[in-house]
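Student: I would like to learn how to read a protein model feature by feature. Could you take me through one?

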Amino acid sequence: MIIAAIDIGSNAARLLINEVKIQNGKPEYIKLNLLRIPLRLGMDVFTLGKIGEEREKMVLDSMKIFSDLMKVYKVEHYRACATSAMRDAENGNEIIEKVKNHADLMIEIISGDEEATLVYENHVAEGLDKDFAYLYVDVGGGSTELTFYENDTMIYEKSFNIGTIRLLNNLVTDDNWQEMKEEIKANISSKKQIVAIGSGGNINKVFSMSKTKDGKPMSIAYLKKAYKEFNDLTVEERMTKYGFREDRADVLVHALKIYNFVMHWADINKIFVPKISVADGLIHNIYERVSGNS
């Protein structure tokens with residue numbers, strides 16, 4: 001079965017195409033293609049309240065490319081979801097209608113809570129040590145989703161309007177941070193040690209730089225060190241020194257700030273980075289639905 005997931009975030013849009021095969025009675029997800037386009041919808045939406053003409057054209061052109069690529073791969077099932085920026089854009093529904101006519105794609109605008117659930121759909125914690133509790137932390141351009149998991153049960157999920165593009169544009173207030181801190185202090189606690197599970201392009205990049213072995217957790221000490229190192233450099237210096245793309249170099253330090261705060265407030269000192277995303281969660285969600293397992 002060939003399945004595709006489209007995740008239209010505040011920083012980038014991603015198309016993930018997977019083939020799902022049954023191996024020993026369980027689904028195996030094989031990545032066929034992953035295409036990422038840095039649309040940066042949040043740069044318009046969080047400052048102007050809507051998606052401007054130039055980025056609207058980028059959305060239409062990108063979705064046409066995604067649609068054509070899905071045809072090439074003979075995709076049987078897909079789901080396209082838009083998150084924080086499209087939620088906040090006053091012309092979001094209008095653009096979705098244009099995409100439907102231009103690219104023959106149906107896009108859903110999903111809530112922050114559903115976004116958090118989709119990251120949890122990867123079920124990473126279920127394969128980890130049951131002696132710990134786990135906090136999924138998904139940092140995007142427009143929002144951060146937290147999902148707390150203990151004893152094979154999801155205990156808590158919450159979406160916050162704190163993201164890298166909002167921080168880049170100085171649109172996160174002290175009240176926003178205070179709300180997140182109070183929510184974490186009130187809801188993220190356990191007699192077991194809590195370990196974080198991070199998702200998103202920024203934490204994946206930091207993990208690869210840390211030289212931590214796959215399957216092993218990265219320490220908060222390294223996150224603090226990396227934050228200080230990047231924060232002391234300009235965007236241009238980060239690009240030159242580390243070979244980052246500009247759309248990674250300008251948001252990476254903001255992502256690290258969010259991870260450091262969340263882990264500090266939840267008293268977490270380790271984070272697993274299994275390279276999962278909303279798109280991966282969507283693939284799992286689609287397969288479970290069409291195979292009747294949901």
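**Reading the model**

Tutor: Let's start at the end of a helix: H13 is followed by Gly-292, whose phi is positive, near 80 degrees. Helices here are DSSP runs of H or I of at least four residues, strands are runs of E of at least two, and both are numbered from the N terminus. This is a predicted model, in which local features need pLDDT of at least 70 and side-chain atom pairs count only at pLDDT 80 or more, while totals for chains, interfaces and linings use all residues. Residues are numbered from 1 along each chain as its sequence is written, and side-chain values use heavy atoms, with hydrogens and water left out.

Student: How does the end-to-end span of H13 compare with what its 13 residues should give?

Tutor: The expected span of a helix is 1.5 Å times one less than its number of residues. For H13 that gives 18 Å, and its end C-alpha atoms are 18 Å apart, which agrees.

Student: Which residues of H13 are buried?

Tutor: Buried means under 20% relative accessible area, exposed means over 50%, and partly exposed lies in between, with a 1.4 Å probe and protein chains only. Eleven of the 13 residues of H13 are buried, so the helix is largely enclosed by the rest of the structure. Among them are Val-278, Asp-280, His-284 and Glu-288. Elsewhere, Arg-238 lies in helix H10 (residues 235-242), and this arginine is buried too, with a relative accessible area of 6%.

Student: What is the strand order in the sheet that holds S1?

Tutor: Two strands pair if DSSP finds at least two bridges between them. Five strands form an open sheet in the order S3-S2-S1-S4-S5, with mixed pairing. S3 and strand S5 (107-109) are the edge strands, each pairing on one side only. From one strand to the next, the twist averages 25 degrees; axes are lines fitted to C-alpha atoms, for helices over the stretch in contact, and angles run from 0 to 180 degrees between N-to-C directions.

Student: How many bridges join S2 to S3?

Tutor: Eleven, in the antiparallel sense. Gln-23 has Lys-26 in S3 as its bridge partner. Two residues sit between the strands of this hairpin, where Asn-24 takes a positive phi near 55 degrees. Strand S1 (residues 2-8) also runs antiparallel to S2, through seven bridges, and Ala-5 has Leu-16 in S2 as its bridge partner.

Student: Which strands stand at the edges of the six-stranded sheet?

Tutor: The order in that open sheet is S8-S7-S6-S9-S11-S10, again with mixed pairing. Strand S8 (153-160) and strand S10 (218-219) are at the edges with a single partner strand each, so one side of each is left without a neighbour in the sheet. Inside, S9 (residues 193-199) and S11 (residues 270-272) pair in the parallel sense over two bridges.

Student: What lines the largest pocket?

Tutor: On a 1 Å grid over the protein atoms alone, a pocket is an open set of points with protein on both sides within 12 Å along at least five of seven lines, and lining residues have an atom within 4 Å of a point. The largest pocket is lined by 36 residues, and Arg-14, Gly-200, Gly-201, Asn-204 and Ser-277 lie nearest its centre. Elements giving two or more residues to the lining include S2, S3 and H13, while H8 gives the largest share, five residues.

How values were computed
On a 1 Å grid over the protein atoms alone, a cavity is a set of points where a 1.4 Å probe fits but cannot get out, and a pocket is an open set with protein on both sides within 12 Å along at least five of seven lines; lining residues have an atom within 4 Å of a point.
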